[in-house]
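The sequence and the structure are shown below.

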Amino acid sequence: MSTAHSNKWLYRQPVEIRFGSGSVSQLPEAVWSVGGTKGLVITSASLRHLAEGLQQNPDNRIAAVYSEVRPNPSLQFVDECAALLRAQNLDFVIAIGGGSVLDCAKAAAAIAEGKHTIRYYYGTGHPLPQEGIPVIAIPTTAGTGSEVTSVSVLSDKQNKLPLSAPSLTAKIAIIDPLLTMTLPPKLTAISGIDALCHAIEGYSSIHHQPICDALAVHAAQLILGNLETAVVDGKNQAAREAMAEAAVTAGLAFALPKTTGPHACSYPLTAQYGIPHGEACGLTLEWFVQINAEIPRIQELARQLGFADAEALANRITELKQNIGVRTNLRDFQLTAAQIEKLAQDSQHPNLQNNPVPVTVEMMKEMYRSLAE
Ligand code: ZN
């Protein structure tokens with residue numbers, strides 16, 4: 001077991017964060033501040049109206065809108081956005097949407113000034129360009145954290161891989177909780193659970209550090225106290241504001257320590273079984289809390305969140321998932337032994353190395369078996 005604790009750490013946070021209900025009206029100021037003259041808005045089809053609304057204000061300096069991004073964005077969307085940026089010589093990007101939109105936009109902006117397609121960098125080890133076109137990220141869900149991380153998760157057929165580079169960081173994040181007021185209950189639930197995983201995994205990571213720990217505790221408290229309300233009463237502005245604050249602080253809580261077991265397991269669950277990202281992460285969260293409970297600081301996290309111990313925290317996570325209607329098992333997939341074996345193997349993802357307790361393929365098989373039964 002690895003409980004090694006170093007008191008050396010580095011904290012760095014390169015994103016300007018503008019938070020508050022109505023803050024999207026600060027977009028012209030943000031555009032001016034990144035030196036933008038002609039920009040591209042990247043979004044999804046369902047949010048095209050938002051993009052067009054932004055385009056109507058000439059101070060936003062928007063020259064084009066790309067609204068094709070779909071969940072688990074493929075390399076193709078990134079290349080289409082980069083091609084638009086290159087062809088029209090655009091000099092900034094506004095990403096408005098959930099994690100998929102933000103991840104796609106950050107990747108397109110990072111490669112746009114070079115000549116390569118994203119495949120040149122994807123899983124090959126080729127370093128991304130040092131600097132890209134500036135991105136203004138406007139999340140419309142409360143969960144992803146992508147607006148403050150230097151990671152883009154992209155999908156290619158059965159693969160789902162994170163790319164990580166300083167150039168995959170937004171310049172400015174505008175977090176306007178009012179944009180989440182119309183988010184449907186299911187998406188609110190899934191993105192909220194993703195944020196809870198970011199907080200707990202950031203805290204649990206072997207790369208934990210005190211500033212991120214404090215952010216993690218703050219975020220987890222907000223989520224445990226407000227997610228149910230945000231799901232059942234979407235028009236509750238106080239709950240939406242709390243969740244938006246939780247999502248960005250949880251993003252900062254894991255941006256440096258990185259995620260651990262639940263995110264490692266989520267990649268094959270999403271790529272092979274189509275389970276949405278946050279739901280896939282949440283599926284194994286309480287299992288990891290229990291496995292990690294032998295580490296004193298995990299018990300400490302539970303106590304800071306108001307629970308007697310890690311087991312009580314794990315039980316509360318299960319209850320929360322049930323209350324908000326996200327998946328708590330894999331029964332409906334009727335997994336075969338071979339499928340369980342493959343999930344256990346594929347979950348040995350690099351992020352699993354950040355988990356404070358080593359997890360073997362055998363342990364994973366047992367975990368997936370119990371979720372499948
Ligand atoms: Zn996540």
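The protein chain holds 14 helices and eight strands, where helices (H or I, at least four residues) and strands (E, at least two) are DSSP runs numbered from the N terminus. Its radius of gyration, taken over C-alpha atoms, is 20 Å, close to the 21 Å that the globule rule gives for 373 residues, so the chain is as compact as a globular protein of that length. The globule rule is 2.2 Å times the number of residues to the power 0.38.

The model is predicted: local features need pLDDT of at least 70, side-chain atom pairs count only at pLDDT 80 or more, and totals for chains, interfaces and linings use all residues. Residues are numbered from 1 along each chain as its sequence is written, and side-chain values use heavy atoms, with hydrogens and water left out.

| Property of the protein chain | Value |
|---|---|
| Box filled by the C-alpha atoms, along the principal axes | roughly 55 × 45 × 45 Å |
| Buried share of the 373 residues | 58% |

Buried means under 20% relative accessible area (1.4 Å probe, protein chains only); accessible areas come from the Shrake-Rupley method with a 1.4 Å probe. Among contacts (heavy atoms within 4.5 Å) between residues at least 6 apart in sequence, 78% join residues at least 24 apart.

Helix α11 spans residues 296-304, and its buried residues are Arg297, Ile298, Gln299, Leu301 and Ala302. Their cover includes α5 (185-204), α6 (210-232), α10 (285-291) and α12 (310-324). After α11 comes Gly306, with a positive phi near 95°.

Key: Buried < 20%, exposed > 50% of the residue type's maximum accessible area, 1.4 Å probe, protein only.
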